There are 4 protein chains.
Amino acid sequence: MSQTTAASSTAPDGVPDELRAVVDRLKTEVAALHAELPRNALVVWTAGNVSARVPGADLMVIKPSGVSYDDLTPEAMVVCDLDGTLVEGDRKPSSDTAAHAYVYRHMPEIGGVVHTHSDYATAWSARREPIPCVLTMMADEFGGEIPVGPFALIGDDSIGQGIVETLRASRSRAVLMANHGPFTIGASAREAVKAAVMLEDVARTVHFARQLGTPVPMEQADIDRLYDRYQNVYGQ
Amino acid sequence: MSQTTAASSTAPDGVPDELRAVVDRLKTEVAALHAELPRNALVVWTAGNVSARVPGADLMVIKPSGVSYDDLTPEAMVVCDLDGTLVEGDRKPSSDTAAHAYVYRHMPEIGGVVHTHSDYATAWSARREPIPCVLTMMADEFGGEIPVGPFALIGDDSIGQGIVETLRASRSRAVLMANHGPFTIGASAREAVKAAVMLEDVARTVHFARQLGTPVPMEQADIDRLYDRYQNVYGQ
Amino acid sequence: MSQTTAASSTAPDGVPDELRAVVDRLKTEVAALHAELPRNALVVWTAGNVSARVPGADLMVIKPSGVSYDDLTPEAMVVCDLDGTLVEGDRKPSSDTAAHAYVYRHMPEIGGVVHTHSDYATAWSARREPIPCVLTMMADEFGGEIPVGPFALIGDDSIGQGIVETLRASRSRAVLMANHGPFTIGASAREAVKAAVMLEDVARTVHFARQLGTPVPMEQADIDRLYDRYQNVYGQ
Amino acid sequence: MSQTTAASSTAPDGVPDELRAVVDRLKTEVAALHAELPRNALVVWTAGNVSARVPGADLMVIKPSGVSYDDLTPEAMVVCDLDGTLVEGDRKPSSDTAAHAYVYRHMPEIGGVVHTHSDYATAWSARREPIPCVLTMMADEFGGEIPVGPFALIGDDSIGQGIVETLRASRSRAVLMANHGPFTIGASAREAVKAAVMLEDVARTVHFARQLGTPVPMEQADIDRLYDRYQNVYGQ
């Protein structure tokens, strides 16, 4: 899990010509996906960020730091290598870039990462309490409870390590980082955004259910059946 | 209640010519009604679905599976028979098609069905707790408490059976399926969407009322009077 | 307080010519004010209604019954006399017309009435609990607590009587009708809509305050000072 | 802290010619920032106000009193001196002008002030309870808990004094005035609006966290590290 393993494949001279088309397509896609965050009430002001891995390269497309959601055009997106070094773009990358980069270095099957401070998910994070799986929609989407990751400060690989270790021990595509907020992953950036939207929805519904009593637990066998079916059958 | 009763009238060769105009009109109506779901905050991402029975045929118009609400044009809607077999459309029908089909086969007076995971209604579902009738608006619209249906897995007729059995034992046009979410019915798809919107509104208001104490119960005779009046007098 | 006192001044032959301009202006204003109800999340579907008294006549402009907020054009508004009889319009007047009419007959200083089922205000109504005055904004706007009116069924003057009796015993321009929802009044329809918006805002804020403890009460003398100042000084 | 210190530099003859360009730019900016208040659900109706100090002069640009958010064009903004006397504009300045003016007179480093009654922050205000710092986002943005200011009536310098004394004793850029609501400050009006948005977000998230238990406290050393980093590193 050392940072140097991945560092050998950085692209210090910018985006290679043969990746230009795919990088431009991802910038458009990542910019559009950022619009889903305020639309689904997952972020305020400039908080939150989406990234996409550039397939076949040690690069990712990510949001610049501290920029308004109104200004998140494809051109504003930046490209970093998987150590988080800026490769292309006029602005500093998101302050959460190191955590995204760590996930891409250590989870090769992952194509997208999302971080928000969505309110209900973050409330569970503040109590360091996993969200119990009491809804068929949670079983479908997350295959069980939403786990809590460790408390970790920004500035080194602590957050990235906490995300990867927690998600490897779970079927969930979402982790609640303690006193911080959720990170979600997916095969693509779109799948990671979907997970962020669904996470906040179930965090909110289970919060409501718990406010007036105790939700009825679901059998593990039922959770397993729903998860298997949804991962294999749903959608087009 | 066997599936084969209805199966004899499927239309394996597509929509008959004499139904073309009515099916196209229903596709337009069902597409427009889907826009009411996110507008009223009843769904996130691709969750939730509306269907309409094709009058005079064993057919229904329903949402395709896993498609964004932004892409729900009339052309995207699919037609199924009342066993849930695709009759017309480029995409798979909603994964909840079997439940809609079961309702149409067993409740001939019903012209529309809606399923959502709207948050407050689903929170009551997760506790398997009926919503008590403590508002005049609930008496008007639902004639009493909102009942809870059984826990049922997707994949066979269990969900459909649970909906029909619960609604037949109640005046309510809404049922809270355990750990899952609400289904609503109506004489038309529009009436079923109205019921879904009103259900979430009363689920939320009674949730708020209960958070700070105990709502004052209403007399059954008053509930009956309000229900009778509203069903017979209200609207144009 | 009998209905016949006012009934002598109805206009069975339609809107008199000399009132045409003012009635048309009020239809435009009342239609526009209805848009404030969904915009401020006070209503769902077709619930809720706004009316305006026609100055110098025993007439009011009000919403038709069961019509979508998207279709509330000036032309759709109807005119009734102060017994609630339709004087002009293609549709039935709101099912709450009798309550509006009663208020206009018995409170000659009132120019506008609004009824909603806004969720937080209605939650207090369901518990039949007044909203305590613990915010400077409540003191400014309502001069004290928001009172609860009696439980009353639709169909005669019971609701109107309950509104008028409760508001006459209070400085508040809003009343929480038991198990039903709020009615607000004002010198104009716009003022009544403002009161409906402010009511839901304070109902929500005090709900939140009470969820985690006990709001600190305000001194009656401070409430009085704020109310006097706001009623005399604020605005243009 | 007397009002007369600043009063000597008023501009009774209007905006000086050499400040015309900067004042017009600030009117445009302050008008645009007001749109962020309803967009972020911080205000209803005409409540809430934003002001900006005119650099190099004892003047500020502020919202007029009692005007709808739809009508807040640059031309509608008014200019006051730092005693709150109207210097330019067709309408009365906001009823909270005296509090804004007091902050500018006594905190020379401050360029913008915002006041709202945003619901969650105001709920903490009504209980006179500081918001504990249990989120990394709070540590980043506010450097610790959000403090409560005294109960103060409008009409003299009491509110301004309460704001300044409370904020001077804290790293927070937000104060919860007792039974009233929040005021936020910033180096610019935009920074003060950002603080108002972030405040409501953390007020809401910590409210949710507290509803189902006790958030896990953060170490003071961690709060300090996050605050130092965010104030020095974040953004472009």
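Trainee: How many salt bridges does the rule find across the interface of chain D and chain A?

Mentor: Two salt bridges turn up across that interface. Keep in mind that this is a predicted model.

Trainee: Which residue of chain D forms a salt bridge with D119(A)?

Mentor: That's R204(D), and the closest N and O atoms of R204(D) and D119(A) are 2.7 Å apart. As background, side chains of opposite charge can pair when their charged atoms come close.

Trainee: And how many residue pairs are in polar contact between chain D and chain A?

Mentor: The count is ten residue pairs, with both residues at pLDDT 80 or more.

Trainee: OK, which helices of chain D each supply at least two residues of the side that touches chain A?

Mentor: Helix 2 (20-39), helix 5 (136-142), helix 7 (189-211) and helix 8 (220-233) of chain D each do that. Helix 7 of chain D gives the most, with eleven residues.

Trainee: How do the residues on that side of chain D divide into nonpolar, polar and charged?

Mentor: On the side of chain D that touches chain A, 16 are nonpolar, seven are polar and nine are charged.

Trainee: What area is buried between chain D and chain A?

Mentor: About 2,900 Å² is buried there, and carbon and sulfur atoms give 60% of it. In residues, 32 from chain D are in contact with 30 from chain A. In general, the size of an interface is often given as the accessible area lost when the parts come together.

Trainee: Switching to chain B: how many residues does the contact take from chain B and from chain A?

Mentor: It takes 30 from chain B and 32 from chain A. Chain B and chain A bury about 2,800 Å² between them, with 60% of that on carbon and sulfur atoms.

Trainee: Which three residues supply more than any other three of the area that chain B buries against chain A?

Mentor: Those are W45(B), D119(B) and R127(B), which supply 26% of the area that chain B buries there.

Trainee: And how many salt bridges are there between chain B and chain A?

Mentor: Two, by the count. R39(A) forms a salt bridge with D70(B), where the closest N and O atoms are 2.6 Å apart. There are also ten residue pairs in polar contact between chain B and chain A, both residues at pLDDT 80 or more.

Trainee: Which helix of chain B gives the most to the side that touches chain A?

Mentor: Helix 4 of chain B does, with seven residues. Helix 4 (119-127) and helix 7 (189-211) of chain B each supply at least two residues of that side. By class, the side of chain B that touches chain A has twelve nonpolar, eleven polar and seven charged residues.

Trainee: Let's look inside chain A. What is the order of the strands in its open sheet of eight?

Mentor: The order is 4-3-2-1-5-8-7-6, with mixed pairing. Strand 4 (86-88) and strand 6 (148-149) of chain A are the edge strands, and each pairs on one side only.

Trainee: Do strand 5 and strand 8 of chain A run parallel or antiparallel?

Mentor: They run antiparallel, and four bridges join strand 5 (residues 112-115) to strand 8 (residues 181-186) of chain A. V114(A) stands opposite T184(A), which is in strand 8 of chain A.

Trainee: Back to salt bridges: which residue meets E29(A) in one?

Mentor: R25(A), at 3.5 Å from N to O. Both E29(A) and R25(A) lie in helix 2 (residues 20-39) of chain A, four residues apart, about one turn of the helix.

Trainee: What's the salt bridge count over all chains?

Mentor: It comes to 68.

Methods: Residues are numbered from 1 along each chain as its sequence is written. Chains are lettered from A and ligands numbered from 1 in the order in which they are written. This is a predicted model: local features need pLDDT of at least 70, side-chain atom pairs count only at pLDDT 80 or more; totals for chains, interfaces and linings use all residues. Side-chain values use heavy atoms; hydrogens and water are left out. Contact means heavy atoms within 4.5 Å. Buried area is the accessible area (1.4 Å probe) that two parts lose on being put together, summed over both. A salt bridge is a side-chain nitrogen of Lys or Arg within 4 Å of a carboxyl oxygen of Asp or Glu. A polar contact is a pair of N or O atoms within 3.5 Å; within protein, one must be able to donate a hydrogen and the other to accept it, and residues adjacent in sequence count only if both atoms are side-chain atoms. Ala, Val, Leu, Ile, Met, Phe, Trp, Tyr, Cys and Pro count as nonpolar, Asp, Glu, Lys and Arg as charged, and the others, Gly among them, as polar. Two strands pair if DSSP finds at least two bridges between them.
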